[in-house]
Amino acid sequence: MNFSDLFQQTSGLCLFSPNGKYLANCVQYRLIVRDVRTLQILHLYTCLDAVQHIMWSPDSQFILCGMYKRGITQVWSIEQPEWTCKIDEGSAGLESVCWSPDSRHILTFANFQLRITVWSLINKSVSYIKYPKQGKKMLDFTSDGSYMALAERRDCKDYISVFSCKQWQLMKHFETDTKDLAGLEWAPNGRALAVWDSILDYKLLLYSLDGRCLSTYSAYEWALGIKSVSWSPSSQFLAVGSFDEKVRLLNHLTWKVIIDFSHPPLLEGKAVVYKEIEKKLPSLQGEVDPPGGAVFTGSSHYEVVSERPAQVPVIKADPEKANPKIGVSLAVFSPDSKYLATRNDNMPCALWIWDIRQLALVAILLQAAPVKHLEWDPCQSRLAFCTGTNKVYMWSPAGALSVDVPVEASFLVQSLRWHPEGAAVLLMGRENMCMCFIDRDKNR
């Protein structure tokens, strides 16, 4: 691994272009586009205000910057830097913004659930969609970019509208059997749409493209329900994490549960247990701890725990607080659908790796600090994750690895992103970023 110098960034606004050639990041009101290989600055754009959101177009030719406080979106061209575009939502305000799959239309979401506006970069035409439901996962496109599913709320009922992305025409509109729809997501093959209810009611529904309900699933009643939903890239499995500390795996043929993965505090079985062992740096006389509880540690390594049962650290959730830290909030498949990585929120220092072919736990990593962010290599079964320290961690079927980031001691890795070709990992702290280049031939 080779690490770059630190570069300044703001609010984690750092993105690789889909074609893997560029890296974009924001520093307050400035947008910087770099060459991925050399990290040299190719373009520098000045926006009208501080940027809260950036997004590459799917064809990597444009990049948009959302300035939500001013209700403005600016679009920049990579091939024609002199070309500019400004979209102003005016008094309606701006809540979020995204690209359509064709890279020539932009969708802006007005405040207070007023409307979605579809802006064309080709002929400057404008279309409106009413009654969108507020939430993070209320809109999704099929992987081929043909259709868009949108959750709507009208007359105190939930509906879904399916639009064609070519002409932005309404193809299907139907009511869903939910009390308060919490999210939706297309299967990667576009043949099924998963819809789930709020955390107060465990209910998962699967719809076809024409609005037929293919299946309804509910694991239990009268308790907090679904916390995370994830499709496998092959579309064969749907992982549903819930507040009862389990992940249930549904198959695509009958939509029945084939197995549920539990997260017990005492671990039996043949799974490999990796425990991080830290070497603490000696404190100097008169030295005080850094603010914010940050811990700067020396090098660390993994030891395999052979004793059974192996104990997993558990944090007791406070039942008096809203959204208690319990249950599976992270469930992410590897790109080949062979593995599933999960995190149970009341076991924040444990990362669970499940083998989908054997339907069994294959490894668990016990960290010294809570797991903050994880992401699979898009090209192979290799997982990178961070814990808010000065290290980056990796797991593959060959083993686990802990690597110190050899930059300033104040750089703590809060999140990370893989390069689209798996050639590098972008590490992001609170105010800086660093690139970790990986020799792919040696790591396969």
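Start by selecting Tyr274, Tyr302, Phe385 and Tyr393, which form one aromatic cluster. Here, rings of Phe, Tyr and Trp (its six-membered ring) pair if their centres lie within 6.5 Å; planes under 30 degrees apart are called stacked, over 60 edge-to-face, and the rest tilted. You are looking at a predicted model, in which local features need pLDDT of at least 70 and side-chain atom pairs count only at pLDDT 80 or more, while totals for chains, interfaces and linings use all residues. Residues are numbered from 1 along each chain as its sequence is written, and side-chain values use heavy atoms, with hydrogens and water left out.

A search of the whole structure finds 16 aromatic pairs. Pick Trp352 and Trp354 next: this pair is stacked, at 6.1 Å centre to centre and 5° between the planes. Trp352 and Trp354 are both buried (under 20% relative accessible area with a 1.4 Å probe, protein chains only; exposed is over 50%, partly exposed in between).

Now move to Trp376 and Trp395, whose ring centres are 6.3 Å apart with planes at 85°, so this pair is edge-to-face. Trp376 belongs to strand 35 (residues 373-376) and Trp395 to strand 37 (residues 391-396), so the pair ties together parts 19 residues apart in sequence. Strands are DSSP runs of E, at least two residues long, numbered from the N terminus. Both of these Trp residues, Trp376 and Trp395, are buried.

Select residues 22-27 to see strand 4, where 6 of 6 residues are buried. Tyr22, Ala24 and Cys26 cover one side, and Leu23, Asn25 and Val27 the other; all are buried.

Cys14 stands opposite Asn25 in strand 4. In the turn of this hairpin, Gly20 has a positive phi of about 80°.

On to strand 5 (residues 30-35), which is antiparallel to strand 4 over 6 bridges. Val27 stands opposite Arg30, and Gln28 in the turn has a positive phi of about 60°.

Finally, show the 4 strands that form an open antiparallel sheet in the order 11-12-13-14. Strand 11 (96-99) and strand 14 (126-130) stand at the edges with a single partner strand each, so one side of each has no neighbour in the sheet. Zoom in on strand 12 (residues 105-109) and strand 13 (residues 115-120), an antiparallel pair with 5 bridges. There, His105 stands opposite Ser120 in strand 13.

Terms used. Pairing = 2+ DSSP bridges.
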